[in-house]
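Me: I would like to learn how to read a structure like this one, feature by feature. Could we go through it together, with the general idea first and the particular case after it?

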Amino acid sequence: MNTTDFVVECHTNISDRHIEYVQSRGGGINEINIFKVGCIKTKVDECDKNCKVCDECKLSAWSSRHIDKITYPIISYSGSVIGIQARSIVKKEYDTFMISRRPEVGFFGLGQIDEIFKTGILWVAEGPADAMVIRRLTGQPTIALMTNTIGYKNDRVKFFTRFVKKVYVCLDTDQAGKEGKKSIISLVDHGVEVFDVKYTSSQKDPADTWSAVGDEVLKKRLLSSV
Ligand SMILES: [Zn+2]
């Protein structure tokens with residue numbers, strides 16, 4: 001099974017416990033559908049030859065280690081799944097599977113590409129929970145980088161300059177997040193408008209902020225940047 005089919009299967013299999021977990025971090029059913037979130041019910045099969053080295057065999061081994069974990073797909077702009085993050089819903093622990101040949105850049109949430117292209121707007125967070133709460137409260141296209149940087153002078157920068165006119169930055173408030181913010185602000189040199197969203201004064205990220213202040217306050221803070 002390839003990663004794209006696997007993500008569809010995981011999304012179809014999502015259980016009430018996993019939905020509750022997403023909701024406890026500020027996301028909703030609509031976001032679960034938009035971001036194709038799921039859970040791993042069973043290990044998937046190896047390839048016919050059981051070669052152990054192809055992506056199908058590697059995905060099989062990876063899936064067997066992450067039964068019952070939630071899945072956050074990393075999607076390219078043409079809609080294929082280039083990676084999957086599996087995260088435990090009972091402890092802070094995650095592991096990311098990436099396919100070996102990645103022709104295009106991908107993010108958590110790039111299934112929204114048509115909306116991104118149409119509006120030119122993109123909210124950018126670091127983690128999946130952050131992206132889902134921002135999407136729910138703003139109703140606008142949102143992605144998670146899944147790392148704290150867009151990198152510089154690479155295909156990620158090309159993606160932003162090609163598809164996005166306005167970027168709302170909601171990275172984590174730690175040192176790494178601040179560094180990442182600098183690399184996004186450098187997009188200004190490529191004609192992209194960048195807004196530094198002041199979503200908190202004391203929390204680490206948007207999802208933690210939501211836990212502390214709730215819908216109304218966080219929504220007001222996010223939209224005051226627009
Ligand atoms: Zn194989």
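Me: Does Asp68 count as buried, exposed or partly exposed?

Reply: Keep in mind from the start that this is a predicted model. Burial is judged by counting C-beta neighbours, where 20 or more within 10 Å means buried and 12 or fewer means exposed. Asp68 has 15 such neighbours inside 10 Å, so this residue counts as partly exposed. Asp68 sits in the loop between helix H4 (55-65) and strand E2 (70-76), and its phi is positive, about 75°, although the residue is not a glycine.

Me: How should I read the overall dimensions of the chain, and which radius of gyration would a compact globule have?

Reply: For 226 residues a compact globule would have a radius near 17 Å, and the chain has 17 Å, so the two agree. Along its principal axes the C-alpha trace spans about 55 × 35 × 30 Å. The chain contains nine helices and nine strands, and buried residues make up 42% of its 226 residues. Among the contacts with a separation of 6 or more, 65% are between residues 24 or more positions apart.

Me: How do I read the packing of two helices, for instance the angle between H6 and H9?

Reply: One looks at the angle between the axes and at the distance separating them, and angles under 35 degrees count as roughly parallel. Helix H6 (residues 128-138) and helix H9 (residues 206-223) pack at about 30°, with axes 10 Å apart, and they are therefore roughly parallel to each other. Their crossing is right-handed. On the H6 side the contact is made by Ala129, Asp130, Val133, Ile134, Leu137 and Thr138, while the H9 residues include Pro206, Ala207, Trp210, Leu218 and Leu222. By class, the contact residues divide into 10 nonpolar, one polar and three charged.

Me: Why might residues three or four places apart point the same way?

Reply: An α-helix has 3.6 residues a turn, so residues at that spacing point the same way. In H6, the contact residues include Val133 and Leu137.

Me: How many residues of H6 are buried, and what follows just after the helix?

Reply: H6 is mostly covered, with 11 of its 11 residues buried, among them Asp130, Arg135 and Arg136. Just after H6, Gly139 takes a positive phi of about 70°.

Me: Which residues does Leu218 touch, leaving aside those up to four places away in sequence?

Reply: Leu218 belongs to helix H9 and is buried, because 25 other C-beta atoms lie within 10 Å. With those sequence neighbours left out, Leu218 touches Leu137, Tyr199, Thr209, Trp210 and Val213. Leu218 and Tyr199 are 19 residues apart in sequence, and their C-alpha atoms are 6.7 Å apart in space. Asn30 and Leu223 are 193 residues apart along the chain, and their C-alpha atoms are separated by 20 Å.

Key. Residues are numbered from 1 along each chain as its sequence is written. This is a predicted model: local features need pLDDT of at least 70, side-chain atom pairs count only at pLDDT 80 or more; totals for chains, interfaces and linings use all residues. Helices (H or I, at least four residues) and strands (E, at least two) are DSSP runs, numbered from the N terminus. Axes are lines fitted to C-alpha atoms, for helices over the stretch in contact, and angles run from 0 to 180 degrees between N-to-C directions. Angles under 35 degrees count as roughly parallel, over 145 as roughly antiparallel, 65 to 115 as roughly perpendicular and the rest as oblique. A crossing is left-handed if the near helix is turned anticlockwise from the far one by less than a right angle, and right-handed if clockwise. Two residues are in contact if their C-beta atoms, placed from the backbone, lie within 7 Å. Ala, Val, Leu, Ile, Met, Phe, Trp, Tyr, Cys and Pro count as nonpolar, Asp, Glu, Lys and Arg as charged, and the others, Gly among them, as polar. The radius of gyration is taken over C-alpha atoms; the globule rule is 2.2 Å times the number of residues to the power 0.38.
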